[in-house]
Amino acid sequence: MFARNLVTLSSFVILSGCTSYEGLYAPACVAYAGSEIRLDDGRYVWTRFTDQVVVDENGNEVDPFPGFPRRGQYKKQDYQITLLGADGEPVHTLFLFRFDGDMYLYTAEETDEFESTGERPSCPLNLQAPGT
């Protein structure tokens, strides 16, 4: 338990001085559906994707992700990224982690799981290249 908390704490400490967290975050595995989030100069664009095509009874393609892409501002406080809606209210919170020189965005659920078990998520969002 102590070692797991030490690993988590050291990940946060490493990130506190890191400034190269901006860019495109995409799944760190082959994914047929998921999210991509671009962080750039205090703004974000959150898109969703899938390879599945859904059609209605008339054969028209149905938008699988109404309301996406989402755009707005974000706030960074230490290792926490808060995506804000148009009204300035938080809509989603993510957490920055750095492992082996790579930067990741974890959801709150992935962060809780990592902190309780020490196991890293199987397919978190990974920074593709800083500044991309």
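So, start at the surface: Glu-109, Asp-112, Glu-113 and Glu-119 come together there as a patch of negative charge. Asp and Glu are what count as negative here, with the charge placed at CG of Asp or CD of Glu.

Before I go on: this is a predicted model, so local features need pLDDT of at least 70, side-chain atom pairs count only at pLDDT 80 or more, and totals for chains, interfaces and linings use all residues. Residues are numbered from 1 along each chain as its sequence is written, and side-chain values use heavy atoms, with hydrogens and water left out.

Back to Glu-119: you'll find it in the loop between helix 2 (108–117) and strand 8 (125–130). Helices (H or I, at least four residues) and strands (E, at least two) are DSSP runs, numbered from the N terminus.

Is Glu-119 buried or exposed? Exposed, because its relative accessible area is 56%, and the cut-offs are over 50% for exposed, under 20% for buried, partly exposed in between (1.4 Å probe, protein chains only).

Now look at Ser-35, in strand 2 (residues 33–40). Ser-35 is buried, at 16%. Its side chain makes a polar contact of 3.0 Å with that of Trp-46, and another of 3.2 Å with the side chain of Arg-48. A polar contact here means N or O atoms within 3.5 Å, one able to donate a hydrogen and the other to accept it.

Technical notes: Patches are made of residues with over 30% relative accessible area and no salt bridge: like charges are joined within 9 Å, nonpolar side chains (Val, Leu, Ile, Met, Phe, Trp, Tyr) within 5 Å. Accessible areas come from the Shrake-Rupley method with a 1.4 Å probe; for residues, only the protein chains shown count as cover. A salt bridge is a side-chain nitrogen of Lys or Arg within 4 Å of a carboxyl oxygen of Asp or Glu.
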